[in-house]
Amino acid sequence: MPIRAGSYTDELVQTAKTIASPGRGILAIDESSATCGKRLASIGLDNTEPNRQAYRQLLLTTPGLGEYISGSILFEETLYQSTTDGKSFVDVMREAKIMPGIKVDKGLVPLPGSNNESWCQGLDGLASRCAEYYKQGARFAKWRTVVSIPCGPSALAVKEAAWGLARYASIAQDNGLVPIVEPEILLDGDHPIERSLEVAEQVWAEVFYYLAQNNVVFEGILLKPSMVTPGAEHKNKASPDVVAKNTLTMLRRRVPPSVPGIMFLSGGQSEVEATLNLNAMNQSPNPWHVSFSYARALQNSVLKTWQGRPENIEAAQKALLIRAKANSLAQLGRYSA
Ligand code: 13P
């Protein structure tokens, strides 16, 4: 019996390959309305629908973006929005050869019986939501759950994170969306890099165990891991070479070569740090496309430059292109600061 005889298998494999294409990565702009509000507040703007639309329009209409960006993850509101000229964002993206993606999880809530940890909601009704998003033009999805090192992590929290991701991935594939599998191991803590490596290996072992149990097609998924670094409050920072060595050790031990793309999150690293670390990982050939799916590390300078002023839009778009191009070069292992 074939592992999964779903009608979308060939398309999923093709979509994943297109997103994981040389010199390109993902622009993550799927902040929930509340989180987007925090970003807007940082430049003195109110969290209104027109302000969120204006910001996403600035990002998605950046001329030339598709050269460096193969996909962009949207929040549900954005998937149904249009430019002020009336062109749907989905059409804008298609013309730029940027695949529309959609965040499908429903956020984190406390996990009873754990060590103050959380679990990720969103499986109820997920199949019908994915089918709707596909109709609207989405071709990939994201589900972000978190694991906290200072809180343990408990065996319960890791199992719940892994199982939830696997159930989501299976449902997304069944509805034509390539699932981005994202167990974010938070940077918080004062632990050394060895501890991050140990936890990352534990988490990814369980994630792949349950992905296999759910008959997920590995050729039709993308991963969004955290880089393996010391905790943010650890006394020493690790160089890009050390981050690359530890992160690649984890990936080689845990991720089958059939997975097409590893799209890292930035997790609170600075823009340049995230680029340098990615570049270090691409200094020798890898079995997978090792790239980026950054939110903060692609948006920080854009927001600062924009300040909500129409006369700054062009400069803000240039700031986005500078970061996108730098990360594109880092994907190819050719970035120098
Ligand atoms: P950061 O790159 O800001 O960590 O965001 C990643 C993310 O999960 C958004 O999709």
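Guide: One definition comes first: Ala, Val, Leu, Ile, Met, Phe, Trp, Tyr, Cys and Pro count as nonpolar, Asp, Glu, Lys and Arg as charged, and the others, Gly among them, as polar. With those classes, the shell around the ligand divides into 6 nonpolar, 2 polar and 4 charged residues.

Visitor: What kind of model is this, and how are the residues numbered?

Guide: This is a predicted model, in which local features need pLDDT of at least 70 and side-chain atom pairs count only at pLDDT 80 or more, while totals for chains, interfaces and linings use all residues. Residues are numbered from 1 along each chain as its sequence is written.

Visitor: Which residues are around the ligand?

Guide: A residue is near a molecule or strand if its C-beta atom, placed from the backbone, lies within 6 Å of it. The residues around the ligand are Ala 28, Asp 30, Ile 73, Lys 142, Arg 144, Leu 265, Ser 266, Gly 267, Tyr 294, Ala 295, Arg 296 and Ala 297. Strand E6 (140–147) and helix H11 (296–306) each supply at least two residues of that shell. Helices (H or I, at least four residues) and strands (E, at least two) are DSSP runs, numbered from the N terminus.

Visitor: How many helices and strands are there, and what makes the protein as compact as a globular one of its length?

Guide: There are 12 helices and 10 strands. The radius of gyration is taken over C-alpha atoms, and the globule rule is 2.2 Å times the number of residues to the power 0.38. For 337 residues the rule gives 20 Å, and the protein has 19 Å, close to that value, so it is as compact as a globular protein of that length. Its C-alpha atoms fill a box of roughly 50 × 50 × 40 Å along the principal axes.

Visitor: Which residues does Ser 291 touch?

Guide: Two residues are in contact if their C-beta atoms, placed from the backbone, lie within 7 Å. Leaving out residues up to four places away in sequence, Ser 291 touches Ala 20, Gly 25, Gly 261, Ile 262, Met 263 and Gln 331. Among contacts in the protein between residues at least 6 apart in sequence, 81% join residues at least 24 apart.

Visitor: What makes a set of residues a nonpolar core?

Guide: It is a set of buried Ala, Val, Leu, Ile, Met, Phe, Trp, Tyr and Cys residues joined through C-beta atoms within 7 Å. The largest here has 94 residues, and Ala 141, Leu 165, Ala 169, Val 203, Val 207, Ile 221 and Leu 222 have the most contacts inside it. Helix H7 (residues 155–174) gives the most to this core, with 10 residues. Beyond four places in sequence, Val 203 is in contact with Val 147, Val 158, Ala 161, Ala 162, Pro 183 and Ile 185.

Visitor: How do you know that the buried residues of H6 line one face?

Guide: The buried residues of helix H6 (residues 126–136) are Leu 126, Cys 130 and Tyr 133. The arc is that of the directions from the helix axis to the C-beta atoms. For H6 the buried residues fall within an arc of 65°, so they line one face of the helix. On the other side of H6, Ser 128 and Lys 135 are exposed. The buried residues of H6 pack against helix H4 (76–79), strand E3 (99–103), E6 and H7.

Visitor: Which residues of H1 are buried?

Guide: In helix H1 (residues 9–19), they are Leu 12, Thr 15, Ala 16 and Ile 19. These fall within an arc of 95°, so they too line one face of their helix.

Visitor: What is the phi of Asn 215, and why is this residue called partly exposed?

Guide: Asn 215 has a positive phi of about 55° although it is not a glycine. It has 14 other C-beta atoms within 10 Å, so it is partly exposed.

Key. A residue is buried if 20 or more other C-beta atoms lie within 10 Å of its own, exposed if 12 or fewer, and partly exposed in between; C-beta atoms are placed from the backbone.
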